[in-house]
Amino acid sequence: MKAGIHPAYRPVLFHDTAADVFFLIGSTVETDRTQVHSDGQTYPYVALDVSSASHPVYTGQQRKTTVEGRVAGFNKRFAGFQAKR
C-alpha cells in the first residue's frame, strides 16, 4: 500500500440509539465525538438511527401488510373519485 494516503483504521464505538445497543467495530469513519465504553476505554463515537439490532428485517418484527388492508385503504382514499353517471 502507498504510505500516507489511507485513513486511520481504529476501533470505533457505534451506538444504535433506537435499540440502545453499542457495537465496537474497526472503522475509518471520521468523528470528533468520543465516549467511554463498558471496558473503561475511550473510543471515537458514532450514533446510528438503525442497525441490525433495531432494523425490522433483522429483528423479525417486520409488519406484513394484508391484501385486504391495502384494497380497503385504496377504496377509502379514492372513494370520492367515482365517476358520476
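Modeller: At 10% relative accessibility, His15 counts as buried; buried means under 20% relative accessible area, exposed over 50%, and partly exposed in between, with a 1.4 Å probe and protein chains only. This is a predicted model: local features need pLDDT of at least 70, side-chain atom pairs count only at pLDDT 80 or more, and totals for chains, interfaces and linings use all residues. Residues are numbered from 1 along each chain as its sequence is written, and side-chain values use heavy atoms, with hydrogens and water left out.

His15 sits in strand E1. Strands are DSSP runs (E, at least two residues), as helices are (H or I, at least four), numbered from the N terminus. The His15 side chain makes a polar contact of 2.7 Å with the side chain of Tyr45. Such a contact is a pair of N or O atoms within 3.5 Å; within protein, one must be able to donate a hydrogen and the other to accept it, and residues adjacent in sequence count only if both atoms are side-chain atoms.

Now the neighbours. Leaving aside residues up to four places away in sequence, His15 touches Asp20, Val21, Phe22, Tyr45, Val46, Ala47 and Leu48. Contact here means heavy atoms within 4.5 Å.

Take Asp20 next. Asp20 lies in the loop between strand E1 (10–16) and strand E2 (21–27). Asp20 is exposed, with a relative accessible area of 55%. Its backbone deserves a check. Phi of Asp20 is near 55°, a positive value in a residue other than glycine.
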